[in-house]
Amino acid sequence: MTYQQTQMTFLKVNGLVLHYQHIRTRSNSQRGNRTFLFINSLGTDFRIWTDVVDILTEFGDIVLFDKRGHGLSSTAPSQSTLDDFADDAEALLNHLSISKCIAIGLSVGGMIAQILACRRPSKFEKLILCDTCHKIGNVQIWNDRIKAVKGHGFSSISGSVMQRWFSESFHKTNPETVAGYRNMLERTSKSGYIQTCEAIRDANLAEVARQIKVATLCVVGSEDKSTTPDDVKSLVELIRGAKFQVIEGSAHIPCVDNPYKLSRAIIDFINDKL
Ligand SMILES: O=C(O)CC1=CCC(=O)O1
């Protein structure tokens, strides 16, 4: 680690406790006073960003948080919309007095980032949307998944989810890591997971994406089967001036199976080299 690990921190927002970390890395202004806000995907907590954070601490401060229903954050008592998830992130930024940041959102985290950038363009210097789209899956896919988790638990879906999360070569070379992430998924709050599936199922952000005025990079793993390169291209077409990059040999979670390539793309984009 190149940074000082901070203590576990919790904040009450919108009636829920949110687990977050604010890593202040700079003792200077040479790093451009940047802050990166990371928003994670369905069934994961903010540990997925560890390798990327290790690299990006050279370039700015870091804010990580577990979205509602995930990690050590509370689960809402009833159904949440993606706007509610965005409200939590916005409340966290306000609490930390962060007036401008670079949002990096993965999958549903990328959908939340689209809402934030559309709502508050002046708060976002740049937007990095990883393996996401304005619409992910369809009603049938999400209802089937919800039914499986409700009826048979996480073990009924976790094998196929792992196939989508990580590339074939990562499965071969890092079976222990895959097993660890399977544990992460299976230990997610069941109702938090189901509420997030419902929020994704019910969202179509095409209009939101069309209104984004923040400079945006969309990246996707070449082997991503959840949000395929073609899906992500369809998002790129909606966001004015958005750039597009494929992470070769990666699947749905490049911050885990290809953190160096993902970090390179982020660094090039923030330095206007993409
Ligand atoms: O779990 C998956 O299949 C991948 C995914 C879809 C939305 C999300 O956040 O992750």
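# Close-up views of a predicted model

**View 1. Asp-272, a residue with positive phi after helix H12.** Asp-272 is placed in the segment that follows helix H12 (259-270), and with a relative accessible area of 60% it is exposed. Although Asp-272 is not a glycine, its phi is positive, at about 55 degrees.

**View 2. Phe-154 and Tyr-193, one of the aromatic pairs.** The structure holds six aromatic pairs. Phe-154 belongs to the loop between helix H4 (139-152) and helix H5 (158-165), whereas Tyr-193 belongs to helix H8 (residues 190-201), so the pair ties together parts that are 39 residues apart in sequence. Both Phe-154 and Tyr-193 are buried.

View 3. Phe-166 sits in the loop between H5 and helix H6 (168-173), and Tyr-181 sits in helix H7 (residues 175-186), so that the pair links distant parts of the chain, 15 residues apart. Phe-166 counts as buried at 1% relative accessibility, and Tyr-181 also counts as buried, at 15% relative accessibility. Together with Trp-165 and Phe-170, Phe-166 and Tyr-181 form one aromatic cluster.

**View 4. Charged side chains over aromatic rings.** Lys-126 lies over the face of Phe-269, at 5.0 Å from the ring centre. Arg-68 lies over the face of Phe-85, and here the value from the ring centre is 5.9 Å.

**View 5. Trp-49 within the largest nonpolar core.** In soluble globular proteins, nonpolar side chains tend to be buried together. The largest nonpolar core of this model has 94 residues, of which Phe-38, Trp-49 and Ile-104 touch the most other members. Helix H3 (residues 108-119) gives the largest share of this core, with seven residues. When neighbours within four places in sequence are left aside, the residues in contact with Trp-49 are Phe-38, Ile-39, Asn-40, Leu-64, Ile-104, Leu-106, Cys-255 and Leu-262.

**View 6. Helix H3, a mostly covered helix.** Of the 12 residues in H3, 10 are buried, and the helix is therefore described as mostly covered. The buried residues of H3 are Val-108, Gly-109, Gly-110, Met-111, Ile-112, Ala-113, Gln-114, Ile-115, Leu-116 and Ala-117. At 1.5 Å a residue, the 12 residues of H3 should span 16 Å, and the end C-alpha atoms are 17 Å apart, which agrees.

View 7. Gly-60 is found in the loop between helix H1 (50-56) and strand S4 (61-65), and at 0% relative accessibility it counts as buried. Although Gly-60 and Asn-33 are 27 residues apart in sequence, their C-alpha atoms are 6.3 Å apart in space.

**View 8. Thr-227, a buried loop residue and its contacts.** Thr-227 lies in the loop between strand S7 (215-221) and helix H10 (229-238), and at 1% relative accessibility it counts as buried. Leaving aside neighbours within four places in sequence, Thr-227 is in contact with Asp-131, Thr-132, Cys-133, Ile-136, Val-220, Val-232 and His-252. The C-alpha atoms of Thr-227 and Arg-201, which are 26 residues apart along the chain, are separated by 14 Å.

View 9. UniProt, in an unreviewed entry, lists residues 35-259 as "domain: AB hydrolase-1". Over residues 35-259 the chain of the model is 47% helix and 16% strand, and the end C-alpha atoms are 19 Å apart.

Methods
Residues are numbered from 1 along each chain as its sequence is written. This is a predicted model: local features need pLDDT of at least 70, side-chain atom pairs count only at pLDDT 80 or more; totals for chains, interfaces and linings use all residues. Side-chain values use heavy atoms; hydrogens and water are left out. Rings of Phe, Tyr and Trp (its six-membered ring) pair if their centres lie within 6.5 Å; planes under 30 degrees apart count as stacked, over 60 as edge-to-face and the rest as tilted. Helices (H or I, at least four residues) and strands (E, at least two) are DSSP runs, numbered from the N terminus. Buried means under 20% relative accessible area, exposed over 50%, partly exposed in between (1.4 Å probe, protein chains only). A charge sits over a ring if NZ of Lys or CZ of Arg is within 6 Å of the ring centre and within 35 degrees of the ring normal. A nonpolar core is a set of buried Ala, Val, Leu, Ile, Met, Phe, Trp, Tyr and Cys residues joined through side-chain atoms within 4.5 Å. Contact means heavy atoms within 4.5 Å. UniProt positions are given in the numbering used here, feature names are shortened, and annotations may be inferred rather than shown by experiment. The expected span of a helix is 1.5 Å times one less than its number of residues.
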